[in-house]
Amino acid sequence: MSRPRHTLRYTIVFVLTGILAVSILIRYGQIMLGGTGPVRQDSGGTTRIERGPILDRNGRILAIQTDQPILSAWIPSVASLENTAGLLGNILGVPEEELLQRLQSSDGYVVLSRSLSHDQAEAIALLVQQGELRGLSLEEGYRRMYPEESLAAHVIGFTGYDNQGLEGIELTMNDELSPEQPSPGFGNQVFLTLDTEIQFEMEQIAQQAYEEHGAESVSILVGSGKTGEIYAWATRPTFNLNQLSQSTPEQRRNRIIQNSFEPGSVFKIFSISGIMHLGGIDDRTRFHTAGGYQPPGLDRPITDLSNYGTISPQGIIQYSSNVGAAYASDTISKDDFYYLLRQFGFGQPTGIPLNGEHTGILRSPTQWSIRSKPTMAIGQELGVTALQMFQAATAFANQGIIVTPRIVSQVVSPDGAVVRKTTRNPIRRVLSSSSTQSMLEYMNTATDDTGTGRRARIEGIDISIKTGTAEVVDPETGRYSNERFLASSLALFPTEDPQLIVYIVIDYPKGETYGGRIAAPLVRQAAEFLIPYFGIHRTGDVRITQKPSLQIIEPQLPVLEETIPDYHGISLKTLMPLLNQDTIPVTINGHGWVLSQDPSPGTALDSVEGLTLWLSSDPGDFLAPADGSVPSPGEQDAGSPES
């Protein structure tokens, strides 16, 4: 005889109720035994602690963990799915039909929202208390907040719902940000080499070029030629880290390390300086370019846009002569040329701590045709990433020695101790100091009136630049496209002792395509900001030396002792140690500086259950109303960034 259906139903309900009761008892036990706080357990039972922040080189917060209520429903306890969907739709701003579909898709536990604002959570909690939303629960949860939204999104990366890193620094530094340990605590702080001020300016330049030229993408790298530190890593298109679901894979693609492309004429600075270093050519070498380059066996000639006549190695760079570069490549063997390119780091990853780095394309000499060596000398028949180009260029700032590109500056523990600090890492010598100095001077002549980089020229400072316009292979035909090009410029300055490297790539611009015409002006625009920012001297600048008379002191964090201190005006960075104390629970809403707090200053510590701080980054919020009143915490939080 088969078991009655209603008996089976009662058995299932009884078992589920038992499981729920056991879960509640376990959670209650955790609380009573001191299990509250930032500790969370993953599906494998591994204890993880509250995720540490990501900051720029100056301590500006780029990623931080905040409280985030999670809205869930236990369907058997929901009185009316239709009424519940209607009430929630008004609060969440989500179509009622969408919510109803989600409620109907499950007959048990279902998560309805992981991105509630605190105002939404309060409204839902009130309706639950009034019995209007039976079966709904607000669970304690966390979310990752990115105060600068899309700034440096491709470097920072993002986390999933389980607060584990999925892309960027969030992924590659996951074990530093959220280390496994058996007791409560907080993750380490990861400081990047990025400077948000520089990053913002470069992203503005990239966005302008992206729109003006209708490009498929624009990438800008700015960094220290001496140390390899990256100050700006700007890519367009981009995405808002706080609105990940609204982004596309193309927007999230980290092109600076994930795109491999033929660099075009910019590559001549590496091929020509390398050939000089190997002794194939020197300043006295001359190349007759009028007839093009077509040795026996070459299927079609390599030519220039104009007839440059007889030129020196300097002329190859100044006029970007393909013919001269091809003839120069004949002075060394293909094995030596391949070895040279490997020494520069091409065909291998840089090892930057970001996921998805492409190795580039550099085939073995055994796979080369008669055309390969001269073609590679002008930047074709090989693939590079933008970061590989930056790394190779550090040789010109370090008298021939390349250094490792760096994006992480240091890792700091929650109590302020330095766990790990990155330093300048010389890799190897690839050029002689005389070869690097000669190339910097050649590149500087490109800013002359007849040079391809003249649009990057800045009065009062010498800039070394090389521009490029690379053809792009059409995947359908296997031949170079007549419509698609890649415009670029690489610059180092000042020429006499390069401090900064700027590399700009514009992929598939519409209309004008030459790097000297559309990428070189962006170098000038970037340099006009960077030169005064770093205090680089320009001829004609007036230097004023004045003894400082004003000292700015960062407010110290008041100590929680017998009464609640006054935290008004204190920055989020200064407040961070509060989250690591166990005297009372502390909740921080928003970012910026403390606008108000609850309870008020002077309240006895033993009379409160917790401390809530509301922060704002809008200076206008700190102006007192005309009537002298102070906004309530609810009013302050409304419209401020979600915590």
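**View 1. Arginine 538 sits in the loop between α19 (520–533) and α20 (572–575).** Helices here are DSSP runs of H or I with at least four residues, strands are runs of E with at least two, and both are numbered from the N terminus. This is a predicted model, in which local features need pLDDT of at least 70 and side-chain atom pairs count only at pLDDT 80 or more, while totals for chains, interfaces and linings use all residues. Residues are numbered from 1 along each chain as its sequence is written, and side-chain values use heavy atoms, with hydrogens and water left out. Is arginine 538 buried or exposed? Arginine 538 is buried, with a relative accessible area of 19%; buried means under 20%, exposed over 50%, and partly exposed in between (1.4 Å probe, protein chains only).

**View 2. Here are the neighbours of arginine 538.** Leaving aside residues up to four places away in sequence, arginine 538 touches Ile458, Glu459, Gly460, Ile461, Glu528 and Ile531, where contact means heavy atoms within 4.5 Å. The side chains of arginine 538 and glutamate 528 make a polar contact (3.3 Å). A polar contact is a pair of N or O atoms within 3.5 Å; within protein, one must be able to donate a hydrogen and the other to accept it, and residues adjacent in sequence count only if both atoms are side-chain atoms. A polar atom of the arginine 538 side chain also lies 3.0 Å from the backbone oxygen of glutamate 459.

**View 3. Helix α13 (residues 322–329) is largely enclosed by the rest of the structure, because 6 of its 8 residues are buried.** Look for Val323, Gly324, Ala325, Ala326, Ala328 and Ser329, the buried residues of α13. They pack against α11 (268–277), β14 (287–288), α12 (313–319) and α15 (372–377). At the start of α13, a side-chain oxygen of serine 321 comes to within 3.5 Å of the backbone nitrogen of valine 323.

**View 4. Two residues show a positive phi: serine 320 and tyrosine 508.** Most residues other than glycine have a negative phi, and most peptide bonds are trans. Serine 320, with phi near 60 degrees, lies in the loop between α12 and α13 and is buried at 13% relative accessibility. Tyrosine 508 has a phi of about 55 degrees; tyrosine 508 is partly exposed, at 22% relative accessible area.
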